[in-house]
Structures are given as structure tokens and as C-alpha cells.
Amino acid sequence: MEPLPSSAPSSRGRMSADDFLLIILCSPSGAGKTTLTRLLEEKFPDLQFSVSHTTRSPRANEVDGRDYHFVDRARFETLVEEDAFVEWAEVHGNLYGTSRSEIVRAKAIEAPVPCRGMIFDIDYQGARQIRATVPDVTSVFILPPSMDELLRRLRGRASEPEEVVQRRFRVAEGEIEHYGLFDYLVVNDDLSRAFEELSSVIVAERARRRRRAKLAEALLRKGVLPR
Ligand code: ADP
Ligand code: 5GP
């Protein structure tokens with residue numbers, strides 16, 4: 001697999017390309033990734049949500065280009081042949097993939113604030129593919145507080161017929177078994193508590209030495225931090 005598109009050169013408001021954060025959020029369907037991602041987008045306007053391609057049909061409240069790029073299977077397969085995806089996988093009988101151009105698009109955003117990172121809402125297979133090519137990625141697995149509650153949430157979303165809910169629920173345990181691929185585990189019991197914990201992960205990741213080393217070096221060289 002080709003490496004991810006290379007980092008954009010340093011620009012105003014960005015310490016360096018090294019501080020660009022790549023965050024994978026993963027969970028069994030219904031555990032709350034989408035809900036948490038929407039909250040992250042509000043709190044961290046400098047993070048961009050990666051809009052995946054999928055062959056799944058849109059739900060009633062979903063908008064093409066905002067929630068997903070909805071495409072048919074033939075189009076998706078053409079994109080695979082063209083090596084357009086950083087990762088892709090079959091999940092619950094549909095194809096999902098993250099396009100390289102999505103990352104290029106996000107990295108080019110300068111207004112209203114420069115983009116300093118991306119959030120990928122992808123399954124464990126995609127997480128494994130990205131981790132294999134990008135060691136610097138931060139991965140978080142969201143756990144539901146119980147399997148009963150997971151089923152309640154899947155049904156409560158009321159966006160899929162019962163057979164789809166059951167299909168998603170049946171594979172949930174197999175997905176949770178892959179928790180070992182992830183750096184962090186966040187339990188989404190109480191939404192605001194889980195959101196606070198997830199936000200703390202992002203804040204802490206931003207303060208990692210490898211992302212801030214250039215600041216210390218500049219301070220030593222020039223006596224002042226770069227603006
Ligand atoms: P996913 O993206 O992981 O499939 P969603 O974000 O769509 O999951 O959440 C599934 C359902 O559970 C939605 O109806 C959402 O409003 C609800 N939900 C999410 N987090 C919580 C929570 N902490 N407590 C109760 N309901 C929640
Ligand atoms: P949903 O149909 O509920 O939106 O998503 C179903 C599953 O597909 C979720 O686990 C979600 O994280 C995953 N998914 C969404 N986009 C992608 C993607 O681009 N790549 C991969 N590998 N999985 C994705």
C-alpha cells in the first residue's frame with residue numbers, strides 16, 4: 001500500500017507538519033462514535049472529519065458529501081482499482097473506504113482555522129490498515145457499557161430495519177475482540193463523561209514530546225516560541 005499523502009509544508013497557525021493529528025475512532029455499530037465525533041467537531045474546529053465513501057444506502061438524516069460519499073459498488077470497485085483509498089473494507093455487507101483525496105483536502109484547509117488533524121470513523125479492519133502505514137496515528141476504541149445497552153441504542157437509532165440491527169449486533173462481539181489494536185479504550189456510558197475523556201485523549205496527544213519538540217528547540221535557539 002502507498003504511504004499516506006505527504007504532510008503539507010508548515011503554514012501559519014501550524015507549528016509544523018509533525019503536529020498534524022490523525023485519530024481513528026472505532027467501535028461496534030451503535031456504541032456512539034458518530035455522536036462523539038459530532039461533539040469533537042464542535043469542540044475542536046481545527047480537526048476535520050474524514051468523509052468516507054460507502055456503498056450503503058443513505059439513512060433518512062444523512063447528506064451525501066457530508067456524512068458519506070454514497071456510491072454504487074461498481075464505482076467503489078473502480079476507485080479501489082485506481083488505488084484511490086488509503087484503506088477500505090467490507091463491513092456489515094457494504095464497502096467503506098477512506099480516500100487519499102479526503103486527506104489532501106483536509107490538509108489544505110486554512111480557513112476559518114487551519115486544519116491540524118483528522119478524525120477517522122472506521123472499523124477495526126481499516127484501523128489495522130492505517131496503523132500499518134502510519135505509525136503516528138492515535139487510535140481509540142469506544143466500548144458500550146453493556147451488550148444490552150448496545151442493542152437498545154442500535155434499535156433506538158430507528159434508522160435501520162430490525163434485521164439490519166440484528167446483523168450489526170451479531171458481529172459486535174467479534175469487533176470488540178479487536179480492542180487490542182487500539183491505544184485507548186473509552187467507555188461511552190454517560191455521554192458527557194465519555195466525551196470529556198475522549199477530549200482529554202486529544203489534548204494529551206497534542207502535548208506529546210514528538211509533536212512539541214520543535215517548540216523546545218526554537219526556544220533554545222531563539223529564546224522565544226514560534227508564533
Ligand atoms: P455509531 O456511530 O457508533 O454507530 P451512534 O453515534 O449513531 O453510534 O449512536 C447510536 C445511538 O445511541 C444514537 O441514537 C445515539 O443518540 C445514542 N447514544 C450515543 N451515545 C449515547 C450515550 N452515551 N447514552 C445514550 N445514548 C447514546
Ligand atoms: P455505518 O453504516 O453505521 O455508518 O458504519 C458501519 C461501520 O463502517 C462502522 O464501524 C464505521 O466505523 C465503518 N466505516 C465507516 N467508514 C469507513 C471507512 O472509510 N473505512 C472502514 N474500514 N470502515 C468504515
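**Figure 1. Arg 73 and Glu 77 both lie in helix H2 (residues 73-81), four residues apart, or about one turn of the helix.** Helices (H or I, at least four residues) are DSSP runs, numbered from the N terminus. The model is predicted: local features need pLDDT of at least 70, side-chain atom pairs count only at pLDDT 80 or more, and totals for chains, interfaces and linings use all residues. Residues are numbered from 1 along each chain as its sequence is written, and side-chain values use heavy atoms, with hydrogens and water left out. A salt bridge (a side-chain nitrogen of Lys or Arg within 4 Å of a carboxyl oxygen of Asp or Glu) links Arg 73 to Glu 77, with 3.8 Å between the closest N and O atoms. Arg 73 is partly exposed at 36% relative accessible area, and Glu 77 is partly exposed at 42%. Partly exposed lies between buried (under 20% relative accessible area) and exposed (over 50%), using a 1.4 Å probe and protein chains only.

**Figure 2. Glu 162 and Arg 155 form a salt bridge through their side chains.** The N to O distance is 2.8 Å. Glu 162 is partly exposed, with 38% relative accessibility; Arg 155 is also partly exposed, at 41%.

Figure 3. Glu 197 has a relative accessible area of 31% and Arg 193 one of 32%, and both count as partly exposed.

**Figure 4. Arg 56, Arg 59, Glu 62, Arg 157 and Glu 160 belong to one network.** Salt bridges that share partners join these residues. The whole structure holds 24 salt bridges.

Technical notes. Chains are lettered from A and ligands numbered from 1 in the order in which they are written. Helices (H or I, at least four residues) and strands (E, at least two) are DSSP runs, numbered from the N terminus.
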